Protein chains: 2
Amino acid sequence: MGRKIEIKKSEETSKRQVTFSKRRSTLLKKAKEIAISGDVDVLLVAFSTAQRLSKFCSKNRIEDILQRYIELPIARKFSYVNKP
Amino acid sequence: MGRKIEIKKSEETSKRQVTFSKRRSTLLKKAKEIAISGDVDVLLVAFSTAQRLSKFCSKNRIEDILQRYIELPIARKFSYVNKP
DNA sequence: ATAACTATTTATAAGTC
DNA sequence: TGACTTATAAATAGTTA
């Protein structure tokens with residue numbers, strides 16, 4: 001990928017957020033692609049340090065599980081997930 | 001990616017499984033990478049038509065949620081997830 | 001922060017064994 | 001089923017605006 005680097009946590013917050021943002025869009029895209037081309041159910045959730053939840057679910061069954069057991073419980077304990 | 005194609009379900013089972021297998025390893029790798037470089041918690045689950053569960057969890061908290069609310073309930077209802 | 005650019009590395013569809 | 005090869009497309013780290 002681009003200029004060769006070691007995969008590790010960047011201690012610079014702004015750089016880390018840029019990297020996360022770029023990679024998140026690719027990861028979500030690939031999750032959607034494998035769900036379609038492989039005809040599988042996929043659930044992908046990322047809790048970022050910037051306090052946001054990124055998710056992709058290919059099917060309703062997984063979506064239900066996510067909402068009932070992950071999103072709602074977290075929403076009750078941590079107000080940050082209510083951010084837009 | 002390679003020769004240009006449209007992302008859609010392949011009706012040929014063997015071809016679909018090859019594509020899924022290749023893409024799964026890349027997706028798991030990228031999930032691990034974003035967890036490290038972005039310092040985030042990541043959960044990735046794929047239920048394949050070949051009756052297997054592929055997963056990656058970066059942190060224990062998500063691992064617990066996955067085991068308690070997704071893996072165990074499914075194991076009780078669908079024997080196929082007990083396959084190796 | 002955010003968005004484009006670009007040189008380079010990765011991913012991968014198709015093919016072969 | 002895999003494992004390997006190859007031509008090509010996609011991803012991306014660093015940079016610049």
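Visitor: What makes the pair formed by Arg3(A) and a sugar or linking oxygen of DNA strand D a polar contact?

Guide: In this predicted model, a polar backbone atom of Arg3(A) is 3.4 Å from that oxygen. A polar contact is a pair of N or O atoms within 3.5 Å (within protein, one must be able to donate a hydrogen and the other to accept it, and residues adjacent in sequence count only if both atoms are side-chain atoms), so the pair qualifies. Residues are numbered from 1 along each chain as its sequence is written, and chains are lettered from A in the order in which they are written. Local features need pLDDT of at least 70, and side-chain atom pairs count only at pLDDT 80 or more, with hydrogens and water left out.

Visitor: Which element gives the largest share of the surface near DNA strand D?

Guide: Helix 1 of chain A gives 7 residues. Helices are DSSP runs (H or I, at least four residues), numbered from the N terminus.

Visitor: How do you know where confidence in chain A is lowest?

Guide: The pLDDT is the predictor's confidence in each residue, from 0 to 100. Helix 2 (residues 60-77) of chain A has the lowest mean, 66, whereas helix 1 (residues 13-37) of chain A has the highest, 93. Over residues 78-84 of chain A the pLDDT is below 50. Where pLDDT is low, predicted coordinates should not be read in detail.

Note on methods: Helices (H or I, at least four residues) and strands (E, at least two) are DSSP runs, numbered from the N terminus. Contact means heavy atoms within 4.5 Å.
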